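Please keep the sequence and the model in view while going through the numbered points.

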Amino acid sequence: MSFFADKIIDWYKENKRDLPWRDTKDPYKIWISEIILQQTRVVQGYDYYCRFMTHFPDVNTLAHASEDEVMKCWQGLGYYSRARNLHTAAKMIAEKGCFPTTYEEVRALKGVGDYTAAAICSFAYDLPYSVVDGNVYRVLSRWMGVEDPIDTGAGKKLFASLADEMMDKSRPALYNQAIMDFGALQCVPSSPSCLFCPLADSCVALQKNLVDKLPRKERKTKVLDRYFSYIYVRAGVYTYIKKRAAGDIWQNLYEFPLIETPGEVGEEAILGLPEFHHLLGGHDIQSFRMVSPEIKHVLSHRVIHAKCYEVVLAEENVTLPGFQRIQIDDFHNFPVSRLISRFFSLLLKPNHKKQNHVIE
Ligand code: SF4
């Protein structure tokens with residue numbers, strides 16, 4: 001449908017964002033930017049992209065980096081499986097010797113789904129694959145007045161075929177970038193400025209007063225509450241950390257010893273938990289204090305209710321089974337979640353004496 005494509009491409013030429021991964025045909029740069037932007041807004045992703053490209057300017061550098069280096073560079077961006085997958089895929093590409101050039105090969109890379117494969121193939125190679133992301137769902141559902149939910153198998157199929165139908169196949173890169181920017185800047189989720197929209201005269205949602213109802217979703221995401229108590233243990237110049245295991249959030253990131261409980265646990269109750277005593281293995285405690293009352297850390301499907309305590313041990317030469325003993329000064333070299341990084345900054349604050357509690 002050239003009317004639609006022409007309108008949004010004209011709009012894009014006037015309004016496009018100047019982004020470092022836009023004016024390139026380098027599939028590596030496009031791939032990195034697309035993975036970063038999968039769950040991240042452009043404002044936040046921009047700095048990460050620049051940092052990532054400085055550390056890992058090409059696929060071979062990325063492939064030969066250690067996982068800790070990659071995770072450290074990703075720290076704070078969330079959805080850490082993206083970084084692990086990038087690293088695995090970089091190794092696959094380096095082994096092959098060149099970046100894949102067909103949709104099927106690109107789609108086979110770890111962490112690359114239909115959307116990312118279409119983005120890479122259209123932006124880098126001008127192959128006619130239409131992208132379908134949140135922006136595209138919004139623009140198409142509103143402009144065409146499609147009320148089918150976007151989160152069902154049938155809905156996804158329908159929108160994939162509509163996206164394909166609407167695409168200007170003679171200009172895949174330009175069209176895909178145009179519709180994505182149009183959704184991100186013009187047809188935004190709430191209160192889009194329909195008055196100044198070049199598609200206003202033909203927009204079904206606007207005519208039927210459905211703009212704030214589309215796109216429609218059928219399922220509500222279930223949110224799980226989890227309760228974490230972190231115990232920062234200090235023994236002289238040392239502290240203790242552990243790498244998080246597979247199969248849970250923050251895989252392969254480091255953290256302080258953690259006690260997870262089914263519900264909220266207060267400061268006094270922590271001291272009575274068998275896990276607390278098991279962790280410290282009977283070593284003498286010099287002091288105990290709460291570093292931070294509850295911080296709510298919201299992830300896509302979970303809310304983490306986290307607290308942090310500091311335990312200072314009486315002796316310095318202590319090992320805690322299952323934990324890595326490191327110098328506190330080396331802590332910044334380890335990749336950690338944003339939550340741990342926040343707790344660590346609180347711990348370092350010289351006057352931060354919140355709720356100090358000394359055990360005799
Ligand atoms: S008129 Fe409004 S709802 Fe319709 S496409 Fe334009 S911005 Fe989106």
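1. A residue is called buried when its relative accessible area is under 20%, exposed when that value is over 50%, and partly exposed in between. K242, at 39% relative accessibility, therefore counts as partly exposed. This residue belongs to strand β2. Along the chain, K242 and L62 are 180 residues apart, and their C-alpha atoms are separated by 24 Å. Please bear in mind throughout that the model is a predicted one.

2. Which residues surround the ligand? They are R142, Q186, C187, P192, C194, C197, A200, C203, L206 and V211. The space that the ligand takes up is the largest cavity.

3. The largest nonpolar core comprises 103 residues. Within this core, the residues with the most contacts are F4, W31, I32, F52 and F256. Which helix gives the most to the core? It is helix α8, residues 114-125, with a contribution of eight residues. The core also draws at least three residues from each of two domains, namely domain 1 (2-213) and domain 2 (224-357).

4. Most residues other than glycine have a negative phi, and most peptide bonds are trans. Against that background, the bond joining L214 and P215 is a cis peptide bond, with omega at about 0°. P215 lies in the loop that runs between α12 (204-207) and β1 (224-235).

5. D126 is not a glycine, yet its phi is positive, at about 55°. Its place is the loop between α8 and α9 (134-144). Is D126 buried or partly exposed? With a relative accessible area of 38%, D126 is partly exposed, because this value falls between the limits of 20% and 50%.

6. N252 likewise has a positive phi without being a glycine; the angle is about 70°. This residue is found in the loop between β2 (238-243) and β3 (254-255). The relative accessibility of N252 is 14%, so N252 counts as buried, the cut-off for that word being under 20%.

Key: Residues are numbered from 1 along each chain as its sequence is written. This is a predicted model: local features need pLDDT of at least 70, side-chain atom pairs count only at pLDDT 80 or more; totals for chains, interfaces and linings use all residues. Side-chain values use heavy atoms; hydrogens and water are left out. A residue is near a molecule or strand if one of its heavy atoms lies within 4 Å of it. On a 1 Å grid over the protein atoms alone, a cavity is a set of points where a 1.4 Å probe fits but cannot get out, and a pocket is an open set with protein on both sides within 12 Å along at least five of seven lines; lining residues have an atom within 4 Å of a point. A molecule sits in a cavity or pocket if more than half of its atoms lie within 2 Å of its grid points. A nonpolar core is a set of buried Ala, Val, Leu, Ile, Met, Phe, Trp, Tyr and Cys residues joined through side-chain atoms within 4.5 Å. Buried means under 20% relative accessible area, exposed over 50%, partly exposed in between (1.4 Å probe, protein chains only). Helices (H or I, at least four residues) and strands (E, at least two) are DSSP runs, numbered from the N terminus. Domain bounds come from an automatic or database domain assignment.
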